[in-house]
Amino acid sequence: MTDLGIVIVNYNTRDQLRRALQTVSASTGLSFKVVVVDNASPDDSVAMVQREFPAVHVIASEKNGGFSYANNLGLRWLGFSEDGFTAEAPRYALLLNPDTETPPDTLAAMLRFIDTHSDAGMSGCKLLQADGSLDLACRRSFPTPLVAFYHFSGLGKLFPQSPRFARYNLTFKDPDGTYEVDSLVGAFTLVRREALAQIGLMDETFFMYGEDIDWCYRVKHAGWKVMYVGSEHILHLKGTVGRKSAKARYEFARSMLLFYRKHYRHGTSF
């Protein structure tokens with residue numbers, strides 16, 4: 001049985017994707033297979049992967065259906081579905097961004113961790129940005145109405161060491177520690193196949209952003225833990241995948257509204 005199936009969703013990031021695949025291919029200490037799902041990129045990403053990484057399976061989507069849509073295509077190819085998984089499905093699935101670089105021992109270390117924590121349905125590692133700073137999204141709390149208010153009002157930044165006001169980005173916690181969190185980030189999300197079979201695939205209502213938080217929410221409410229492992233890391237070149245476009249800003253706001261309506265509207269009176 002394969003240890004790990006890796007899904008990388010790509011849109012027009014050929015050069016970053018090449019580097020991501022180079023570093024993943026150098027990983028040691030585990031068996032893995034990689035599927036790249038290309039969201040109808042206008043560059044030659046698909047041709048590059050087929051030419052330079054023949055061991056990688058490529059799914060060339062005819063449309064840009066969004067992050068959840070593309071990840072689900074990859075997960076289905078690995079053997080996962082809404083109803084469970086096939087005998088060929090790997091023990092774990094990993095969602096990995098194309099704008100990442102993975103040290104050769106990180107994946108094996110993350111599998112060793114989750115193998116020894118049978119109550120963990122998901123786990124994620126520390127994500128470092130190009131300047132060495134922490135990508136705060138790699139360990140978060142759920143954006144409940146109150147937590148979201150603390151975050152968007154600026155109180156979290158004003159009091160970064162406050163367990164109350166800084167709950168969304170958890171800036172009061174040790175980035176090198178290991179502990180349970182509410183949510184990881186879709187740039188690196190490792191999920192146990194039994195947990196995935198229990199909660200199903202990603203919600204394709206989310207086009208971009210929010211789907212990772214929703215997935216983590218469903219895992220926790222199914223009785224699994226979501227663990228952050230600060231002793232391991234990858235590099236996340238955040239910002240290279242067009243995060244500042246008007247479309248990206250719109251989809252971020254839309255995803256927060258979708259998440260609220262799906263999980264919190266029934267329990268809040270305002």
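This briefing walks through a strand pair with its helices, and then a pair of helices in contact. The model is predicted, so local features need pLDDT of at least 70, side-chain atom pairs count only at pLDDT 80 or more, and totals for chains, interfaces and linings use all residues. Residues are numbered from 1 along each chain as its sequence is written, and side-chain values use heavy atoms, leaving out hydrogens and water.

**Strands β2 and β3**
- Strand β2 (residues 32–39) and strand β3 (residues 57–61) pair in the parallel sense over five bridges; strands are DSSP runs of E with at least two residues, and helices are runs of H or I with at least four, numbered from the N terminus.
- Two strands pair if DSSP finds at least two bridges between them, and here V37 has I59 in β3 as its bridge partner.
- Together, β2, helix α2 (residues 45–52) and β3 form a β-α-β unit that is right-handed (with the strands pointing away from the viewer, the path from the first strand over the helix to the second runs clockwise).

**L73 in helix α3**
- You will find L73 in helix α3 (residues 67–78).
- Setting aside neighbours within four places in sequence, L73 is in contact with V37, I59 and S61 (contact means heavy atoms within 4.5 Å).

**Helices α8 and α9**
- The axes of α8 (residues 211–221) and α9 (residues 246–263) come within 10 Å and cross at roughly 20°; axes are lines fitted to C-alpha atoms, for helices over the stretch in contact, and angles run from 0 to 180 degrees between N-to-C directions.
- The two helices are therefore roughly parallel to each other (angles under 35 degrees).
- I213, D214, Y217 and R218 of α8 make the contact with M256, F259, K262 and H263 of α9.

How values were computed: Parallel < 35°, antiparallel > 145°, perpendicular 65-115°, else oblique.
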